[in-house]
Structure formats: structure tokens, C-alpha cells
Amino acid sequence: TWGHFSLLGQVMGLDERQRRQPLNAAERIALLWFLMDAVTHFVIEGSYLFYALGETAAKSSGLFANIWKEYGKADSRWMVFDANVVSLELLTVFVVGPLCMAAAFFIWTRSPWRHVTIVVICTCELYGGFMTFAPEWLVGSPSLDTSNPVLLWVYLFFMNSVWVLVPAILLVESAKKIVSACDKAKTDADTTTAIHVGWHWSVLVTIVVYAVAVPTVIATMAPPPRA
């Protein structure tokens, strides 16, 4: 199994000789992005959690409270405690933030884990962007002020689209690297051996239990009371 990982790493251009080479322009840009991403999650969004779980930014003073008051002109949820936003930011600060630091380290060292980590981070950020605004849109966007062009196009559109465009690009690039590496490393031996790995059987057992449990629960449900 370790031989397969070694082969995969070599196919992805991760041998020791290439690790010692200087980072190319694309790698430096990605490294810079994830460092900035980590700082943003830890410092800026971390400050939102600090205020939201305390007196809220609306009732506080200071640099970061003022930042959220300013952004709150466009989206008032960020000045107060909003359960949906807080839930997303807990994931962002305590999971995605450390993963960004890990991605930067993996890029710097050209670790085989860099593309996997990037896929996870970018998926989380795209999902987070969707879940930040989708619930608001579904109820008519009562917290958003779209009447002011600056608030709409700078605060809401530009500042949030950055975390859609860049993660989407990095996600596609890393996914292509992984798919290409897996395609080149695939052999008949890999396919045969993989079936016998223990965790595959645990997944199969989970699927079977789920397939039995759900119909059983549905079949034994008590009928709803009549109105």
C-alpha cells in the first residue's frame, strides 16, 4: 500500500529532486493565498466569533468591532449573533484556518498532501459561501442592503466573490492533478488489492445497515394524528 502512495507521489512530481527546486510562480501565488486565507480566518473572522459569542460587535468598540459595524451596513447579521453565520465561522476558524496553514506548509515542502488539502479547503469555502447567502436569499434577504451600489458591489459582491473565484480555480487545478496522478498510477494490482482493504468492508456494512434501517423506520412510523 505504501508503495502505491510512493508511486502516486512520483507521478505527481513529488520526488526528492523536485522538492529541492525553487517554487514556481503558480506555487508562490498559491502559498501567498493560503497564508492570507489563514490570517483572514484567524484574525478577521475570529474577531467576529469573539464579538458574536459575547456582547456582539454592535454593542462593542475597537478596531475589529468597527470593521464589522462597517460591513454590517451591507449585511447586518455580522454585527449581531446569527446562528447560521456563527456555525459557519466556527468551522471556518477552527478547521479551515489550520488547514490553510497546513496547505501553505505542504506547498512549501511540495508534500503529496498539498492537493488533497487544497481540495478540502476549497470545497469548505465554496460551501461556506453558499450557506452564508442561500438561507438569506430564500427568505427575501432581510439582512442585506442592496440599495447602495458601494454596499452591493464592493462589500457584498466583490469581497465575497473573491472567496468563490480563487477557491474554484485552486480546486479545479488540484483536482486535475489528483485525477491525472491516479490515472497514471492505476494498475490491475491496485484495483484487485483495494477491494480487500478493511475500511472498504466497513463502508459496505454501513451501507447495508442504512439500507435496512431507513425503510424499517419508515414502515414502522406511527400515522400522523388527524387534524
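Trainee: Which residues in α4 do Val 43, Ile 44, Glu 45, Ser 47, Tyr 48 and Tyr 51 in α3 meet?

Mentor: Keep in mind that this is a predicted model. Helix α4 covers residues 63–71, so look there for heavy atoms within 4.5 Å of that α3 set. The α3 residues meet Phe 64, Ala 65 and Trp 68.

Trainee: How is α3 oriented to α4?

Mentor: The two axes come within 10 Å and cross at roughly 90 degrees. Angles of 65 to 115 degrees count as roughly perpendicular. That makes the orientation of α3 to α4 roughly perpendicular.

Trainee: How many nonpolar residues does the contact of α3 with α4 have?

Mentor: Happy to sort them by class. This contact has 1 polar and 1 charged residue. The number of nonpolar residues is 7.

Trainee: Which residues of α6 make the contact with α3?

Mentor: On the α3 side you will find Glu 27, Trp 33, Phe 34, Asp 37 and His 41. By class, the contact has 4 nonpolar, 1 polar and 4 charged residues. The α6 partners are Arg 114, Ile 118, Ile 121 and Glu 125.

Trainee: How many nonpolar residues are in the contact of α6 with α7?

Mentor: The axes of α6 and α7 come within 8 Å and cross at roughly 150 degrees, and the crossing is left-handed. Residues making this contact include Leu 126 and Phe 133 of α6 and Leu 170 and Leu 171 of α7. Beside 4 polar and 2 charged residues, the nonpolar count is 15.

Trainee: Now the pocket: which element gives the most to the lining of the largest pocket?

Mentor: The largest pocket has a volume of about 880 Å³. Elements giving two or more residues to its lining are α3, α4, α5, α6 and α7. With 11 residues, the one that gives the most is α7.

Trainee: Which lining residues are closest to the centre of the largest pocket?

Mentor: The pocket is lined by 35 residues. By class they are 22 nonpolar, 9 polar and 4 charged. Closest to the centre are Tyr 71, Trp 78, Met 159, Asn 160 and Trp 163.

Notes
Residues numbered from 1 in each chain as written. Predicted model: local features only at pLDDT ≥ 70, side-chain atom pairs only at ≥ 80, totals over all residues. Heavy atoms only, no water. Helix = DSSP H or I, 4+ residues; strand = E, 2+ residues; numbered from the N terminus. Nonpolar A, V, L, I, M, F, W, Y, C, P; charged D, E, K, R; others polar. Axes fitted to C-alpha atoms, helices over the stretch in contact; angles between N-to-C directions. Parallel < 35°, antiparallel > 145°, perpendicular 65-115°, else oblique. 1 Å grid on protein atoms, 1.4 Å probe; cavity = no way out; pocket = protein on both sides within 12 Å on 5 of 7 lines; lining within 4 Å. Points joined across faces, edges and corners; volume = space filled by probe spheres on them. Left-handed = near helix turned anticlockwise from the far one by under 90°.
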